[in-house]
Structure formats: structure tokens, C-alpha cells
Amino acid sequence: MTTQHKDNCHNQSKSSEHHHQNGDHKSHNKEHTGSESCHTGMVDEFKKRFWISLILTLPVLFLSPMIRGFFHVQEMLTFAGDTYVLFFLATLIFVYGGWPFLRGLVTEVGSKKPGMMTLISVAILVGFAYSAAVVFGLPGKLFFWEIATLIDVMLLGHWIEMRSVAGASKALEALAGLVPSHAHKLQGTEIEDVPVNELHVDDVVLVRPGEKIPVDGVIIEGQSFVNEALLTGESQPASRAVGEKVIGGSLNGDGSLHVKITKVGKDSFVSQVIELVRQSQESKSKMQDLASRAAFYLTIIALSVGVFTMFVWFYVVEQSFVFALERTVTVMVITCPHALGLAVPLVVAVSTSLAAQSGLLIRNRVAFERARNLQCVVFDKTGTLTEGNFGITDVRLAKGVDMSEEKLITLAASVESHSQHPIAHAIASADKKKERVTEFKSFSGKGVQGVIDGKIVQVMSPGYVREKKIDLHGLVVEDLMKEGKTVVFVLVNENIVGALALADVVRTQARGAIERLHSMGIKTMMITGDNEKVAAWVAKEIGLDDYFSEVLPEQKAQKIQEIQKHGLTVAMVGDGVNDAPALAAADVGIAIGAGTDVAVETADIILVKDNPQDVAAILGLARATYRKMIQNLIWATGYNAIAIPLAAGVLYSYGVVMGPALGAILMSLSTVIVAINAKFLRV
């Protein structure tokens, strides 16, 4: 990529950021589209220059004395002034096809940062100037066909490179196109189609079946299944009803919804994701800085080796100037650090896009790179390893009771559905099948009762059972209480039939997440404000290595620092709100279950879904990304270590001679290999 093109795209991106930060959603989309079209324009430019230069190269090949001699057609294609025609066509190729490289030379020299454009430009300038001098009388050999084919190959290589870079940014383009341009705004009984950028918070919009939801909001009427796959990576459509949030850009199912807008413009989920992904793709990592420094030194080495090659072949070995010049040009061409320059940025772009498509948002690339070396992951309990809601964890039946566990839950849920107590809500939500309840009564601090099918059904506390000295019929619940769970007894006509244990429900994916982290050689711990009994139960339930209980929010960061003092590289996983100090203190801060609130300032990595398995996924991606970077860097540097001596002619005595055109082909091939290798990165 030419430096000037980079600067142009960068300026457009900055413009986009300016509009975005000022809340101009429409302008942001326009500018983002402009940034994308900048990449597309570069692809089109190199494509056009390549094809035109290639067409002009064909007559250059036919008119070149060396090519005519090789095919023994000197007499057939020779005519008066053919050398000047050759010079004219070569000049067109040099100026038109070589313009991006010559422009890059001026920019690099002006910024005192010689790079790949400097190498290419010096090579074609020297070759063209020497050949032009030969046309007008200087004894020597014409290099026009070598220069023309060199420019063709370099343009082809840049075209392929630009396509790879543009392809790696497709996630942003897809996100920008998610939100529809118009929405059905409700004003009383009237429906008006208005541009999305004219909507405001608290406006109400109608979303018909099969339409995209235009804005972030809360459903105030209707029920439907909503597909959020492109936004969160969750493939299964989620049920959404009154009071639940929906994300702009997600696809409505077969229900009609009335949505009250809660976020617009830069605050919307899609806008925040676009901004985070863009920042991540543009941010430089330590590996990228290493590659940039290597590319700079490689340029200096290439220029130095080129001069040295000319000196040795012409003055020491006393070969012809033409031979020495050809070796020099080949050295500078084959050393162009395209592969090295792309080795890391392409992997960064691909990994960021892959992560965003899976609901894994990278804010800090340096921290993301550190994640590959993590030795310990510390989880907050509530809302991370658990759902943050009370639920039934255990069901036990009394001895001799002829009743299924499902029937026991149905009876308890039916009675508790008439109560407003938090425990009652947890039990009631456990079963949608409810029996008809009459004569409902609530006993403060003790429980509830009602009549179902003529039988008195009670859900009572352990205190009530002890007070009434009711026979437990062999029902054992002490172990559940020791785990810190809340236990209630279900009675039918004053006889115990079973017991229910309730606690903050462990997420179904938690055990799998811990097992996968263990398989990666990573220790797992938990920090919670809950008591020792609850913490011990959760830790045992999912297989944690250790836990810290009864920790206040402001003490969590201290616990992270204590773990770090033992020499461990630590990641903290929390909800990104009350865990902010701990997220900041950790080597890598991961906010999980951020949902639509993706702009968690203290987290390095944001996981959109409430799925702890995504922690293992992001760490796996970090390791895979690092491997790809190392593979590309090894290939790029190893290629040059072998190619430079060959280009300089060290094997000349063995009959191995490499021309500029072949050097350009090998250099471009190395770039393509790096690009393809980056594309094979997977989450």
C-alpha cells in the first residue's frame, strides 16, 4: 500500500471518528462508507493500472532486442525507429504504471522513512534512466522489458494486497449496512415512515414481521423471536416480549412489535461496535511495531546491499555495467518488505473481524496479545458464572411419596405465582404449567398456601416446619443448607411431600468454560461477595481451582494484585460495572455479558453474550493470532535472508542468475503467501 494512500484513508477515518463522536449518525455512516470506498478505490486503481500496463507491455516485449533474439525474429519485427517506439511505450508504462511507486518515493523520502516504495522506485528509476540513455547513444543494453514486467508484477501484487486488506474490513462494512435507513414511527394511531437518523429517544416505532429492527429499544407491545446472529454471534433466535431489550440491526421474526427507543446515533449498539472494531484494526500492537522496525531496517539493508552489489560486480569482479546494474535492481526489488509490512496488519484485521462476528470485541490490542500468556483467569460470580437470578437448583422428595419432581415443582409454582416475594418469583418462573389456586394465603416470614383440587398446598420455610414439629419423613436437606442454599418445604394437607433448594443459578456453560481453560493450562478462580458456603458450592459445582468469598467490590482489585504478586499473569472477567477497578488492575480485563452496553471503558476485551465459554474462545483466538503473526514474520524475514544473496548473484558461478522480473514475481508471491496464511485464521 502506498504511503499516500494510507494517509488518505487514515484522514477519512479520522473524519469519520469526528462525526461519530459528535453524534452525527448519518454523517458517520457516510464517512464510514467513504473509508470503505477508499479501500475499494485503491483496489480499482491498481487493477486499472495493472491491465493498462500489461496491454502496453506486450508490444514492448515484441520490440525488445533480447526477446526478438530469443525467438529468432529479429528481421521480422525490425523497422525504422523501432527503438524510439519502444522507448515511447516504455515511458508510458514507467509514468502511468510506476506512478503509485514514484509518488510513494516522494512521500517516504519527505517523511525520512524509506520503505518498500523507495526500493521499487529506485529500481525502476535506475533501470529506465539507464535504458533511456542507451536509446540516445550510450553503449549498453536496454532494460525496458524488464522494467515493464517488473512494474506489471508490482501492480499485480499491490492489487492482490489491496483486495486482501479490503476483504479483512468486510465486518465493518456489514455492520454499517445492518441498520435500515427508514423506520415506521408511531404517532398515536398514525404511522409515518421517517429516516432513522431523525428518530429520538422515547419515540415509538413499529417493526413488522420479517423486518430489521431499526434502533435499540425496549418492547412495549408485542412478542416475537429475534435473530441477533450478525450482532452477537448467537445463531439461535431469541424470544423477546414486553419489557425486554432489542438491538437495532437484528431481524424480527413473525411477530409485530412496538419498540420504544432507548439509544440512537453514536450510543447505539451497532455504532459502538463499528467504532470499537475500527479502533482495534487501526491500533498498533507490539508485534506490528516490531514488523515496522524490521521493514525499515530491511529497506536500509536493501539499499546498502544494492550499492555493494554494484560495486563488487562492476569494480571488483569487473563484470559489465549492464550485468552489475541488473543484479542491483534485482536485489532492491526482491528485498521489498511487502510481506513483512503485511505480516502483522493482515492478521490483526482478520482476527478483529472474526472476533466481532462472534460477539468478541477487542478494545486493546496490546492486552489482547498478552492474553496468549495468561496463567490465571479470575471470574466474578454473580452474572458471570451464575445468571444473577434465584432459581431452583435441587428437588428432593420425601420417602414414600408417590409424586414426580415435575409435579412437585408445578404445585409449588402454582401457589407461589400469587406472591410477590423474590423467592416466590423464582419458584413460580420454574414451571409455566400452573394449576388453578383458590383460597390463597400468605404468612409473613413463613410461606404461602392455597387450595388445588381440594387439597391444601403449602410452601413453607424451615422455621415453620420446626415450629410445627412436622415429620420430615426421612427428607434430608442439611447438606443443601451447608452449601448456602435457600431451602423451602412443600406440604400437601400438612404432610411433607418434598423440598426445593434455591440459589443463584450456575450458567449451563460455566463448567464447559472452566474445563476448556484447564485444558489450555490456565488456572481458574472466583471472587464473590457471597458467604463462604455459597462460594464453596459454586466452586465445587463447576470445578474452580480456588475462590475468594465475602469480598467487597472495592477489595476485588486488591485480590487481583495479590494473585499477580505470586508471579501469575491474570485476566479478570466481570460485568464491567462494579468490577471496573478489578478489570483495570488485571493484566487483561474482560467484560462479559455487556449486551447492548458495549462501551465498557475499563475492559480490554468485551464479550457481548452472557456466555463464559467466550472467555476461552477469546484466549484461543489470542493464541491462534500470535501463531499466525509469528508464522508470517518467520516467512517474511526467512524469505529475504535467502532471496537477497541469490539476487546479488552469489550462485552465479553455478549458473544461477535471477533477473528483476523473476525477483518481482518471487517478492509478490511471498506477499500473497502471507495474505493467504492470515486468511486461514479461525476463532
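**Close-up 1. Helices α22 and α23 meet in this predicted model.** Here we look at helix α22 (residues 510-519) and helix α23 (residues 532-542), whose axes come within 8 Å and cross at roughly 65°. That angle makes the two helices roughly perpendicular to each other. On the α22 side, the contact is made by Ala-510, Arg-511 and Ile-514, and α23 brings Lys-540, Glu-541 and Ile-542 to it. Sort those residues by class and you get three nonpolar and three charged ones, with no polar residues.

**Close-up 2. Helix α15 packs against helix α26.** The pair is α15 (residues 345-357) and α26 (residues 613-648), with axes that come within 10 Å and cross at roughly 160°. Angles over 145 degrees count as roughly antiparallel, so that is how α15 and α26 run relative to each other. Their crossing is right-handed. From α15, the residues in contact are Val-347, Val-348, Ser-351 and Ala-355. Facing them from α26 are Leu-621, Thr-625, Lys-628, Met-629 and Asn-632. By class, this contact has five nonpolar residues, three polar and one charged. As for the spacing along the chain, an α-helix has 3.6 residues a turn, so residues three or four places apart point the same way.

**Close-up 3. Helix α15 on its own, with its burial in view.** How far does α15 reach from its first C-alpha to its last? With 13 residues, α15 spans 18 Å, close to the 18 Å expected at 1.5 Å a residue. Of those 13 residues, 11 are buried, so α15 is largely enclosed by the rest of the structure. The buried stretch takes in Leu-346, Val-347, Val-348, Ala-349, Val-350 and Ser-351, and it goes on with Thr-352, Ser-353, Leu-354, Ala-355 and Ala-356. After α15 comes Gly-359, with a positive phi near 80°.

**Close-up 4. Lys-469 has a positive phi.** Most residues other than glycine have a negative phi. Lys-469 isn't a glycine, yet its phi is positive, near 50°. Look for Lys-469 in the loop between α20 (462-468) and α21 (478-482). Is Lys-469 buried or exposed? Its relative accessible area is 74%, so Lys-469 is exposed.

**Close-up 5. Asn-493 also has a positive phi.** Its phi is about 55°, although Asn-493 is not a glycine. This time the setting is the loop between β16 (486-492) and β17 (495-506). Asn-493 is partly exposed, with a relative accessible area of 39%.

How values were computed. Residues are numbered from 1 along each chain as its sequence is written. This is a predicted model: local features need pLDDT of at least 70, side-chain atom pairs count only at pLDDT 80 or more; totals for chains, interfaces and linings use all residues. Side-chain values use heavy atoms; hydrogens and water are left out. Axes are lines fitted to C-alpha atoms, for helices over the stretch in contact, and angles run from 0 to 180 degrees between N-to-C directions. Helices (H or I, at least four residues) and strands (E, at least two) are DSSP runs, numbered from the N terminus. Angles under 35 degrees count as roughly parallel, over 145 as roughly antiparallel, 65 to 115 as roughly perpendicular and the rest as oblique. A crossing is left-handed if the near helix is turned anticlockwise from the far one by less than a right angle, and right-handed if clockwise. Contact means heavy atoms within 4.5 Å. Ala, Val, Leu, Ile, Met, Phe, Trp, Tyr, Cys and Pro count as nonpolar, Asp, Glu, Lys and Arg as charged, and the others, Gly among them, as polar. The expected span of a helix is 1.5 Å times one less than its number of residues. Buried means under 20% relative accessible area, exposed over 50%, partly exposed in between (1.4 Å probe, protein chains only).
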